[in-house]
Amino acid sequence: MRLALLWILPPCRSTSDRTTCLYLACKSEEQRWAASELCRRIVGPDAATNLTKAVLDLELTLLTTLQFSLFVHHPHSSLAGLLFAFNELEEKPPSQGAQQTRLKMLEVVRKQAYALLEAQYASDLVLLASPSLIALAALHRAATENLQPG
C-alpha cells in the first residue's frame, strides 16, 4: 500500500484528491473507514463536511480514470447459469414420479455444488482458474458423486 500511495499521491494537487486516494487505498486493503471519519481526522471537524462530499464525488471519477473494473465475477453466477441451462436441455421424464425423482436429484447436486464453491474460497483456486471453469468443475464433481448409476 505504501508503494501505491507514493506513486499516486505526489501528482495530486488538492487535499480532496489525496484524501480520495487514501480513502480508496483503505477500501482496497479492507480497512473500513467512513469517508466522514477519515476527512474529520485529516482536516478537522469544521471542514470535514465539504471534504467528505468532495471525496465521495471524486471516488468514481478516480476509479474510472485508473480504469479499475468495478465488476466482480464469481463462480456462483456461472453455476446458476449452468444449472439453468442443464435444466432446460434435459428431457422431461415420461411419468410424474420420475419427474419428482429427477428434481430431487438435481436439488441434491445443486446444494453440493454450491457447498463446493463455498469451500474453494479457502484456497487459491480463484487465482488459478476462471469463475466459469470453477463452477463447471464443482457441478461435475457434485454430479459424479451423487448421480452414480445403480
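**View 1. Helices H2 (15-28) and H4 (48-65) are among the elements that cover the buried residues of H3.** The model is predicted: local features need pLDDT of at least 70 and side-chain atom pairs count only at pLDDT 80 or more, while totals for chains, interfaces and linings use all residues. Residues are numbered from 1 along each chain as its sequence is written, and side-chain values use heavy atoms, with hydrogens and water left out. Helix H3 spans residues 35-43, and its buried residues are Ala35, Leu38 and Cys39. These buried residues line one face of H3, because they fall within an arc of 95° seen down the helix axis. The arc is that of the directions from the helix axis to the C-beta atoms. Buried means under 20% relative accessible area, exposed over 50%, and partly exposed in between (1.4 Å probe, protein chains only). Helices are DSSP runs (H or I, at least four residues), numbered from the N terminus. Just after H3, glycine 44 has a positive phi of about 95°.

**View 2. Helix H6 covers residues 96-120.** Its 25 residues reach 36 Å from the first C-alpha to the last, close to the expected 36 Å (1.5 Å times one less than the number of residues). Buried residues of H6 include Gln99, Arg102, Leu106 and Val109. The buried residues of H6 pack against helix H5 (75-89), H7 and helix H8 (131-146), where contact means heavy atoms within 4.5 Å.

**View 3. Leucine 125 lies in helix H7 (residues 125-128).** With 33% relative accessibility, leucine 125 counts as partly exposed.

Conventions: Helices (H or I, at least four residues) and strands (E, at least two) are DSSP runs, numbered from the N terminus.
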